[in-house]
Amino acid sequence: LTERLQNAMRKLRGKGKISEADLRATMREIRLALLEADVNFQVVRQFVKTVEDRAKGSKVLEGLNPSQQIVKIVDEELTKTMGEEAVGLNKAPKIPTIIMMSGLQGAGKTTTVGKLALKLKNEQNARPLLIADDVYRPAAIEQLQTVGQQIDVPVFEMGTDVDPVEIAKQGLKKAQEDHNDYVIIDTAGRLQIDEKLMDELKNIKEAVHPNEILLVIDAMTGQNAVATAEGFDKTLDVTGVVLTKLDGDTRGGAALSIRAVTGKPIKFVGQGEKMTDLDVFHPDRMASRILGMGDMLSLIEKTQKEYDEKQAQELSEKIKENSFDFNDFLDQLDQIQKMGPLDEIMKMIPGMANNPAMKNVNMDPKDMDHLKAIIYSMTEQERTDPDIMNPSRRRRIARGSGRPIQEVNRMIKQFNQMKTMMNKVSKGNMSGMENMMNQ
Ligand code: GDP
Ligand code: MG
C-alpha cells in the first residue's frame, strides 16, 4: 500500500500547480492503491470522494504547495477513517473487568490474551486471571498455560470435557474469590465462521456479560478480514478489535476497512510473536505509517521548493553521457544558490560525504556570482565544449568577466574535477546519483 501511495504522490512532486486533471489522476492512483491493499471497495469509494472534495474545497489547486496539501488531506482522512483517537479498554465499575476474546482460529487470540495480561500487569500493576475456554483443540489449554507461565499469570482450566459456558462461569467465580481485577477469556475459533462457534460465543457472552469483547483479526487476511469482522460483530456486537500480525508483510488494508465497516474501534495491534509485542492502536501513527510520511514529506519539501524534476532528470542523463557542460554548470549554480551549499548537496549522495574529492569542490557561496560572471563571458561554443579552453580563451574570459586569470583557471579546474567526480559517481553508483538527482 505504502509504495503505491508514495508513487501516486511522487507524480505530484515538482509541480508548482496541480490541475484538475492531475488531481483526478492522483485520486485514481490512490483508489487503486487502496483497492490493491484489500481495502473494502465501498470504503475506498467514500475515502476517495472525501479527499477529492476536500482537495477541491480547500482551493488546493491554487495553493502554494499543492502536493503537500494533498498529502496532508490524505493523511488526515486516513486517520479519520481509522478512528482518529486511540481508544482504551472498557473497565468494569467493580472488579473484575471481564475481557472476552473472539476470532477465527489462528488469528492470534491466545497470544493476545497473554500479551494483554502482561500489558495490564506491567502498566497497571493488575492481577489478571486467564480462562482456558478453548476446549476443542487439545493443545489449546496447554498453550495458554505456557503463556501464563511465561508472564507469570495464573490460568484457570477445567480440561476439555466441560461446556465452555460453565468454564467461563466457574472461572469468573474463581476470579471474584481471588480478587483478580481482570479476567481474560480465551475462546475457541474455527477456520470459518459457523453457527456453532457463534452460538457458543453468544452463550458465553450471555453467561458472564463481558465488559469488553475483543475481536482478534489477522491483518494478513486482507479482504476476508472485513467479512470476518462483519460476521462476528453482527452476532456478538464486539466492543473492540485487535489487529494482529501487523509486523508481517501485510498490506495494511484491514486497518482501514474494519473501523469503517463495523464502526468498532481498533484498540490494539499485535506486532510480533513475543509477549511484549502488543501496542495501543493510534490511528494517526498508522496513517503516517501507511503514507511513509516522514520520508515523503521531507522529499516533497526539498523538491518542490527548489528543484525542477525534469531538469534534474536531464542533468542525470547528461552526467551519464558525460556531456555536462558550462551551461549545465550555470544551471547548477543557480539551483545551488537557491538550495544551499554544494558540499551539502554532495553529501546527500551515498558514499560522497567522506570522499576526499569533496574538499576540492567546496565552494563558498560568496564566490558563486564570480563563477557565474566567468561563465557569462564564455562564448556558446566554449560553454558547450569545455575542452577547447586554451590559454588565449582563458585570458579573454578573464578580461570579459573582470576576474583574475588565476580564478578563471581555478574555476575551470574545479569544473573538470567536478565533472570527473560526477561521472565516477554515476558509473559506480548510478542509483545513488539518480536518487539524488531525481529528488
Ligand atoms: P488463536 O488460534 O487465535 O488462539 O491464535 P494463536 O494465538 O495461537 O496464534 C496463531 C499464530 O499466530 C501463532 O504462531 C502466534 O505466534 C502467531 N501470532 C499471533 N499474533 C501475532 C503477531 O502479532 N505477529 C506475528 N508475527 N505472529 C503472531
Ligand atoms: Mg487459541
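Helix α9 passes helix α10 in a right-handed crossing (right-handed if the near helix is turned clockwise from the far one by less than a right angle, left-handed if anticlockwise). This is a predicted model, in which local features need pLDDT of at least 70 and side-chain atom pairs count only at pLDDT 80 or more, while totals for chains, interfaces and linings use all residues. Residues are numbered from 1 along each chain as its sequence is written, and chains are lettered from A and ligands numbered from 1 in the order in which they are written. Helices (H or I, at least four residues) and strands (E, at least two) are DSSP runs, numbered from the N terminus.

**Helix pairs**

- The axes of α9 and α10 (residues 253-262) come within 9 Å and cross at roughly 30° (axes are lines fitted to C-alpha atoms, for helices over the stretch in contact, and angles run from 0 to 180 degrees between N-to-C directions).
- That makes α9 roughly parallel to α10 (angles under 35 degrees count as roughly parallel, over 145 as roughly antiparallel, 65 to 115 as roughly perpendicular and the rest as oblique).
- On the α9 side, A225, V226, A229, E230 and D233 meet A254, S257, I258, V261 and T262 of α10 (two residues are in contact if their C-beta atoms, placed from the backbone, lie within 7 Å).
- The contact of α9 with α10 has six nonpolar, two polar and two charged residues (Ala, Val, Leu, Ile, Met, Phe, Trp, Tyr, Cys and Pro count as nonpolar, Asp, Glu, Lys and Arg as charged, and the others, Gly among them, as polar).
- Helices α5 (residues 109-124) and α6 (residues 138-151) have axes that come within 10 Å and cross at roughly 25°, which makes α5 roughly parallel to α6.
- The crossing of α5 past α6 is right-handed, and the contact is made by T110, V113, G114, A117, L118 and K121 of α5 with A140, Q143, L144, V147, Q150 and I151 of α6.
- By class, seven nonpolar, four polar and one charged residues make up the contact of α5 with α6.
- The axes of α2 (residues 20-36) and α3 (residues 41-57) come within 10 Å and cross at roughly 155°, and the two helices are therefore roughly antiparallel to each other.
- Residues L23, M27, I30, R31, L34 and L35 in α2 meet F41, V44, F47, V48, V51, E52 and A55 in α3, a contact with eleven nonpolar, no polar and two charged residues.

**Sheet**

- Eight strands form an open sheet in the order β3-β2-β4-β1-β5-β6-β7-β8, with mixed pairing (two strands pair if DSSP finds at least two bridges between them).
- β3 (155-156) and β8 (278-280) stand at the edges, each with a single partner strand, so one side of each is left without a neighbour in the sheet.
- Strands β6 (residues 240-244) and β7 (residues 266-270) run parallel and are joined by three bridges; the bridge partner of V241 in β7 is I266.
- Helix α6 lies across β2 (128-133), β3 and β4 (182-187), running at about 165° to β2.
- Helix α9 (residues 223-236) packs on the sheet and touches β1 (97-102), β5 (212-218) and β6, its direction making about 160° with that of β5.

**Ligand 1**

- Of the 19 residues around ligand 1, G108, K109, T110, T111 and G270 come nearest (a residue is near a molecule or strand if its C-beta atom, placed from the backbone, lies within 6 Å of it).
- The shell residues divide into two nonpolar, twelve polar and five charged, and α5 gives the most to the shell, with three residues.

**Backbone**

- A cis peptide bond, with omega about 0°, joins I95 and P96; P96 lies in the loop between α4 (66-81) and β1.
- N125, in the loop between α5 and β2, has phi near 60°, a positive value in a residue other than glycine.
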